Amino acid sequence: TVALSVTALYAAAVGVLYAQRIYPGVSALGMDLGGRTVGDASRLVSGRLDRYGGQRITVRAAGFQTTIAASDLGFRPRTAALVRASYQVGRASPLELGLLTEAVGGRTSPSLAPDWDVDPTAVDRAVAAIAARVDRSPVEPTIAIGPTATFQPGRDGQTLDRIGARVAIERYLAGLTSGPLDLPVAVGHPTVSDQQVRDLADLASAILAQPASVTDGGQTWAIPSDTVRAALSYTPSPPGLDLDPAKLSAALQPIAASLNRPPHDAALVVAGGKVQVVPERAGQRVDLAASAAALRAGLLAGQHTVGLVVTTTSPRIHAADLSAVAAQARQWLARGLVLTADGQPYPVTGPRLGDLLVVVPSDSGPPTLSLDRTKLAAVIADVNREYERPAIATRFNWNDGQVSFLGPSRAGWVVDQNAAIKAVLAGWQTGRVALPVVQSPDALDAAYLARLRQDLKGPIADRATTYVGSIPERAHNVALAASRLNGVVVAPGALFSFNQAVGPTTLAAGFRWGFAFTKDPAGDSRTVPSVAGGLCQVASTVFQPVFWSGYEIDERHYHMFWIRHYEDRGYIGLDATVSPDDGVDFKFTNDTDHALLIQAWTDPDELIHVQLVGTRPDWKVEVSPETITDVIPAPTAVLRTTSPLFASGRVIDLEDAQTGLTSQVTRQVIYPDGQVRTLNLKSIYQPANAAVLVGTG
């Protein structure tokens, strides 16, 4: 009883002495807080916790290591709460204070558990950052196909255990632990074992190590190793090797082309007036898809040589099928075939008739004889050339509003090609067939002339160029070409061809030797003899009024050298050259609703005139100023040549020296509705030497 009173008295004394201080014997975080004021204790505890919060913690996860401050891991101290709890120890009741004094007397001090928070957001952020550095997917083993097959082993993957990592961090911080912090990691394995893929790599190496080949009938063809390598591939899921059938098929294509042959039917051959039967021959064809599949299967099975898959195709007609047909052919060949047109006979006999005979197979019976339609068409065309009575087309003249015929017009007669083929195929076995003939396009009549008068209202444009100084032969050619053009009507929407309108430009057609431009092997300009020389002047004289009138130019070619007397309205690049033998033409389209008449003539002053007569188009024509570039001075050398086509000693000045240049002109045709049609003319002229020719004939 005495001892208890002493304790009580001691406790009462402690309560008085520590009224503003923490009771003795109270500790936290391993620090004795007894006898300290709340402020002193707060500073002491705060320092301890702040130092821990700033401490760098080594975090490890499956080989990855980094250092992170405890505060970045989510450590959040609660200093005030801990100090308040320390101050409250022993103050709840006299009994609690008595127990505290007993503890102090017994040298046992109460210690408070640390008090702080762990920020879950900060923990999640730290876990995500670590996972980004730790996580990796498993790597499957694979095969790299190159000149050889290389095995590449797989690798385990790993994934940070995010839930376990959060728990580990929270426990670590709760104990104010120091030292490394190890986080749990889950291991992921590849789905395929290294050994499975290594075995496939060995097979791939074996496929690439030895050349592949295909065989047929004792023949062998090598498959390029590059082709096999390009076709070979590794498929990871499920693991396996494959060969691209399309690439193998492409490699087999040239081999198949050398082996493929079509079947040949037995055939009749007429030679030397005799009918012979040529035996049939079976065909064969390489099945590319099946052969590529066989090669693929063989290589994957370790076989480097496989046979091609070849199919045989049978002919439709066999020699035995032609015995009766051959007898008929001999009879008909002996009889012959006579074609008639208006009663005039055209015999087809011997080899020509034999060449027409063809054998027609039948699915329901023996083959029969017939005639080859293409060859028959050629025979009928030859007959028509002998029989044809061509129409005589007229030309027209316009004078002061009056349109008249320039010459007579007559209908013609021709063999009706299609009807004739049908008639011959139906009746050739009788030995005689009358070919149907039809009238060619009707002759022009007064009604057509009346319609033409409505369109030819007056001159639209005209042009005259001089050929003064031309040799007589050239002057003759200019006049003849003008007469061939005079009176030509270009119908609405029709295409005009200069070469077609002038017709043949041969000596037989009345033209004479003239001259044309060319270059010799050294690149020097040359003027050489040419039949119908001077034709280009006529073409240029037609082209210029067509150009200024705005008609659609479909084809135009410039000369090799520019010619001074072809200049028009100050423009150099408005010439046109033609060469019927080379297919070089001048063409334009009458893109109006009215007919257009071309009148052409020459006069005693050695001028050629071209006039366009019709209804003036309602469009507007604008032509840009001419641009001249790339000027090259004219050569100074005079080229002298000789020709036996002209009398001995005759000297002809062929050409003056000309400057080389490039001309560009743009023409715009503007329609009433605002639409614009543009023509860009670019002419590149070479420099030309002065040229003289001396006759030696």
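Predicted model: local features only at pLDDT ≥ 70, side-chain atom pairs only at ≥ 80, totals over all residues.

User: At what angle do α10 and α11 pack, and how far apart are their axes?

Analyst: Two packed helices are described by the angle between their axes and the distance between the axes. Helices here are DSSP runs of H or I with at least four residues, and strands are runs of E with at least two, numbered from the N terminus; axes are lines fitted to C-alpha atoms, for helices over the stretch in contact, and angles run from 0 to 180 degrees between N-to-C directions. Helix α10 (residues 245-259) packs on helix α11 (residues 288-300) at about 120°, the axes lying 9 Å apart. That makes α10 oblique to α11, since angles under 35 degrees count as roughly parallel, over 145 as roughly antiparallel, 65 to 115 as roughly perpendicular and the rest as oblique.

User: Which residues of α10 and α11 meet?

Analyst: Contact means heavy atoms within 4.5 Å. On the α10 side, Pro245, Leu248, Ser249, Leu252, Gln253 and Ala256 take part, and they meet Leu288, Ser291, Ala292, Leu295 and Arg296 of α11.

User: In what order do the three strands of the open sheet lie, and which stand at the edges?

Analyst: Two strands pair if DSSP finds at least two bridges between them. The order is β14-β13-β20, with mixed pairing. At the edges are β14 (219-223) and β20 (305-307), each with a single partner strand, so one side of each has no neighbour in the sheet. From one strand to the next, the twist averages 25°. Strand β13 (residues 212-216) pairs with β20 in the parallel sense over three bridges, and Ser213 has Thr305 in β20 as its bridge partner. Helix α10 packs on this sheet, touching β13 and β14, and its direction makes about 155° with that of β14. Helix α11 lies across β13, β14 and β20, running at about 150° to β20.

User: How do α17 and α19 cross?

Analyst: The axes of helix α17 (residues 472-485) and helix α19 (residues 535-549) come within 8 Å and cross at roughly 45°, which makes α17 oblique to α19. From α17, Arg474, Val478, Ala481, Ala482 and Leu485 meet Leu535, Gln537, Val538 and Val542 of α19.

Terms used:
Residues numbered from 1 in each chain as written. Heavy atoms only, no water.
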